[in-house]
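Dear colleague,

Please find below the structure that I am handing over to you, together with its sequence.

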Amino acid sequence: MELSIRLVLLLTASSAAIVAQPSLDFEFFKTRVQPIFLAKRPGHARCYACHSIGTPYRLQRLSPGASTWNDEQSRKNFEATVNMINLGDVGASPLLTYALEEKAGGNKFHPGGKHWDSKDAPEWRILNDWANGQKAP
């Protein structure tokens, strides 16, 4: 009898670990994360400039005359961006490391430059919050 109780506890703990992974919120992404991809930064191209045409991580092209994405485009951007998150090790996610300065924990390579010199940068914190499961209010 004691063996079956231990087995139930082990299975319960394993299930809790799986559930503990963050689920990524579409509304937070749409309202807080997507604007970062369109933001202009001195000395840098907007993320959208490269990531809407010639890179494996691909954002949807804006509709002619539009300044932001429609819901269908946002859903596709969400799906593409979820693939840039490593749910097993969020801190190692390409979305969080590629455009972050190496001295701040980023990786060496990002052809679009390093947009954030610190994990305290407001835009980087928004990306990190989303990747860690922050929900829209």
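The side chains of E123 and R41 form a salt bridge, with N and O 2.8 Å apart. This pair joins distant parts of the chain, since the two residues lie 82 residues apart. E123 belongs to helix 6 (residues 122-131), while R41 sits in the loop between helix 2 (26-38) and helix 3 (47-51). R41 has a relative accessible area of 11% and is therefore buried, the cut-off being under 20%. Please bear in mind that the model is a predicted one.

In total, the structure contains four salt bridges. Two others are described here.

One of them connects K76 with E72, whose closest N and O atoms are 3.6 Å apart. K76 is partly exposed, with a relative accessible area of 39%, whereas E72 is exposed, at 53%.

Another salt bridge brings together the side chains of D120 and R125, with an N to O distance of 3.7 Å. Is D120 buried or exposed? Its relative accessible area is 58%, so D120 counts as exposed, for which the value must be over 50%. R125, with a relative accessible area of 45%, is partly exposed.

Yours sincerely,
A colleague

Key
Residues numbered from 1 in each chain as written. Predicted model: local features only at pLDDT ≥ 70, side-chain atom pairs only at ≥ 80, totals over all residues. Heavy atoms only, no water. Helix = DSSP H or I, 4+ residues; strand = E, 2+ residues; numbered from the N terminus. Buried < 20%, exposed > 50% of the residue type's maximum accessible area, 1.4 Å probe, protein only.
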